[in-house]
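Welcome! Please take a moment to look over the sequence and the 3D view before reading on.

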Amino acid sequence: MSVELDVFVGNTTIMDEEVYQFWLDGYTVNDAVKVRMEGGVLEECEASAEVLRSDTMDQYRTFQMCERLLHSPAKLANQLLFQIPPHRQAMLIERYYTFDGLFVREVLGKKLSKGTKKDLDDVSAKTGVTLKSCRRQFDNFKRVFKVVEELKGPLVENIRQHFLLSDKLARDYAAIVFFANNRFETGKKKLHYLTFQDFAFCAGQLISNWTVGALDNMVEDMDVDLEKEFLQDLKELKILITDKDLLDQHKSLVCTALRGKTKAFNEMEANFKNLSRGLVNIAAKLTNTKDVRDFFIDLVEKFIEPCRSDKWTAGDMRLYLTHYTNSAHILDTFK
């Protein structure tokens, strides 16, 4: 029996972005075919269900063969097996390393170890992200961490150069690496209202101001480890709360600057000493590893919650902390 076949030969690898996303999301071939059919692709392309399944399977095989190259993105541009235009390569890399916000929030600050990976079944059930996708994302975090942890130079730039990611995604990975290295606690119930992007912003601030790299931009672990001398120096702030005259003087300067500028002034004045003690005590204990890990939970319990209970706005918080800092610089002790 003779069989007629239509054959098309070309040298550019054809990749459907929608199918690629199904593969990244951990869909099986059958699930991907079902979604494509529901989207009307059969009518659009005038194809049969068998052809659609064959096309989907073929693309899945292509993605699986490309995956080892995506582990070291620079290799994708130099290989000869797949003819992929540069803009397509960039898309493949960026999407492969893109992660789900709910998933990263569950593992942020945890050790990127086999123990954590064993818990991904629970994370998958909790977040609704497929187990296959959870594993890919976790392995990406671990891979980036291993590559950059010993490199000299700025963390974001190292990630961007080695993994060819966009600036935004490189910064997000820098936050993940920074939190994994310092093991910040992010899973407590009181921190659940904070998103990954909230923590990523904090990581950017800490990297810019509190790490070794803030002083020397060509040392190992420059943007990963907190600067020990700086943390030691923070202990000197204790005088702001142990010296009664200095505490009263600081309060007077801050309240004078705040008077008439906020509806929460009375609460700020009444709670100044408690709030100041909370902030200074957090800062003075950061030489201890456990207290570094509890940094965010301590901030919420000892500073943010009292302010929230007094109905401060975000603007009130900025105003208070600005004058709190500026007034401390005026005190003779800190000149």
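Predicted model: local features only at pLDDT ≥ 70, side-chain atom pairs only at ≥ 80, totals over all residues.

The protein chain holds 20 helices and 0 strands. Its radius of gyration is 26 Å, well over the 20 Å that the globule rule gives for 335 residues, so the chain is more spread out than a compact globule. Taken along the principal axes, a box of roughly 100 × 40 × 35 Å is filled by the C-alpha atoms of the protein chain.

Next come the domains. The protein chain is divided into three parts, domain 1, domain 2 and domain 3, as listed here:

| Domain | Residues |
|---|---|
| domain 1 | 17-71 |
| domain 2 | 98-183 |
| domain 3 | 230-330 |

Between the centres of domain 2 and domain 3, taken over C-alpha atoms, lie 33 Å.

Now for the helix pair. Two packed helices are described by the angle between their axes and the distance between the axes. Helix H1 spans residues 17-24 and helix H6 spans residues 86-97. The two pack at an angle of about 25 degrees, and their axes are 11 Å apart. Angles under 35 degrees count as roughly parallel, and H1 and H6 are therefore roughly parallel to each other. Their crossing is right-handed.

Which residues of H1 and H6 make the contact? From H1 come Glu17, Tyr20, Gln21, Trp23 and Leu24, while H6 brings Arg88, Met91, Leu92, Arg95 and Tyr96. Sorted by class, the contact of H1 with H6 has 6 nonpolar, 1 polar and 3 charged residues.

Definitions and conventions. Residues numbered from 1 in each chain as written. Heavy atoms only, no water. Domains from an automatic or database assignment. Axes fitted to C-alpha atoms, helices over the stretch in contact; angles between N-to-C directions. Helix = DSSP H or I, 4+ residues; strand = E, 2+ residues; numbered from the N terminus. Parallel < 35°, antiparallel > 145°, perpendicular 65-115°, else oblique. Left-handed = near helix turned anticlockwise from the far one by under 90°. Contact = heavy atoms within 4.5 Å. Nonpolar A, V, L, I, M, F, W, Y, C, P; charged D, E, K, R; others polar. Rg over C-alpha atoms; globule rule 2.2 N^0.38 Å.
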